Amino acid sequence: MDEKEKNYSAFFGGEQMRLSDGKTRKVLALPVRKFPELSEALDDEPALVALFLDAAPEEVDSMPVEDFEAVLQKGKEINYPPFSRWTQRQRETARFLASMSAADPTPAGTSGGNGANM
């Protein structure tokens, strides 16, 4: 998928895909707020397909295998690049928070003083 196609998918919220029954479904470009849910589903392909289609588990279970695999592949193409960047930001935030707690400037036995007014 080239850069133009990536932008198109994100702008329109996903990409239409024709399934083996002739119907089309939109494989979603997930919003960032759904990335924690995507993170939890990474090792659960049916959950990924359900997330990519915003479909009920029963619908995913009744899909032909070739449709399931095509949706899974397209969903990964659309969502994994921004998801990867999100996970990098999450790691950076975790490192920052860990450094903040490790570098607590309040000496032991004090109440923290008056902050900027000291």
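Confidence first: the protein has a mean pLDDT of 87, and 76% of its residues come in at 70 or more, pLDDT being the predictor's confidence in each residue on a scale from 0 to 100. Helices (H or I, at least four residues) and strands (E, at least two) are DSSP runs numbered from the N terminus. This is a predicted model, with local features needing pLDDT of at least 70 and side-chain atom pairs counted only at pLDDT 80 or more, whereas totals for chains, interfaces and linings use all residues. Residues are numbered from 1 along each chain as its sequence is written, and side-chain values use heavy atoms, with hydrogens and water left out.

Next, the strands. Strand 1 (residues 14-18) and strand 2 (residues 24-28) run antiparallel and are joined by five bridges; two strands count as paired if DSSP finds at least two bridges between them. Q16 has K26 as its bridge partner in strand 2, and M17 has R25. The two strands make a hairpin with five residues between them, and G22 in the turn takes a positive phi of about 90°.

E15, in strand 1, is buried at 18% relative accessible area, where buried means under 20%, exposed over 50% and partly exposed in between (1.4 Å probe, protein chains only). The E15 side chain makes a polar contact with the side chain of K74, at 3.2 Å. Such a contact is a pair of N or O atoms within 3.5 Å; within protein, one must be able to donate a hydrogen and the other to accept it, and residues adjacent in sequence count only if both atoms are side-chain atoms. V27 sits in strand 2 and is buried, with a relative accessible area of 1%. Leaving out residues up to four places away in sequence, V27 touches G13, G14, E15, M17, F52, L53, V71, K74, G75 and I78, contact meaning heavy atoms within 4.5 Å. V27 and K76 are 49 residues apart in sequence, yet their C-alpha atoms are 9.7 Å apart in space.

V27 also turns up in the largest nonpolar core, which has 23 residues; V27, L38, V49, F52, L53 and V71 have the most contacts inside it. A nonpolar core is a set of buried Ala, Val, Leu, Ile, Met, Phe, Trp, Tyr and Cys residues joined through side-chain atoms within 4.5 Å. Helix 2, helix 3 and helix 5 are the elements that give two or more residues to this core. In soluble globular proteins, nonpolar side chains tend to be buried together.

Helix 3 has L48, V49, A50, L51, F52 and L53 as its buried residues. Their cover includes strand 2, helix 2, helix 4 (57-61) and helix 5. Just after helix 3, D54 has a positive phi of about 55°. L38, for its part, is in contact with L30, L48, L51, F52, N79, Y80 and F83, setting aside neighbours within four places in sequence.

Then there are the aromatics. The structure holds four aromatic pairs; rings of Phe, Tyr and Trp (its six-membered ring) pair if their centres lie within 6.5 Å, with planes under 30 degrees apart called stacked, over 60 edge-to-face and the rest tilted. In one of these pairs, the rings of F35 and W86 have centres 5.8 Å apart and planes at 70°, so the pair is edge-to-face. F35 belongs to helix 2 (residues 35-41) and W86 to helix 5 (residues 65-102), so this pair ties together parts that are 51 residues apart in sequence. F35 is buried at 1% relative accessible area, and W86 counts as buried at 13%. Ring pairs link F35, Y80, F83 and W86 into a cluster.

P36 also lies in helix 2, and at 38% relative accessibility counts as partly exposed. The C-alpha atoms of P36 and F83 are separated by 9.4 Å, with the two residues 47 apart along the chain.
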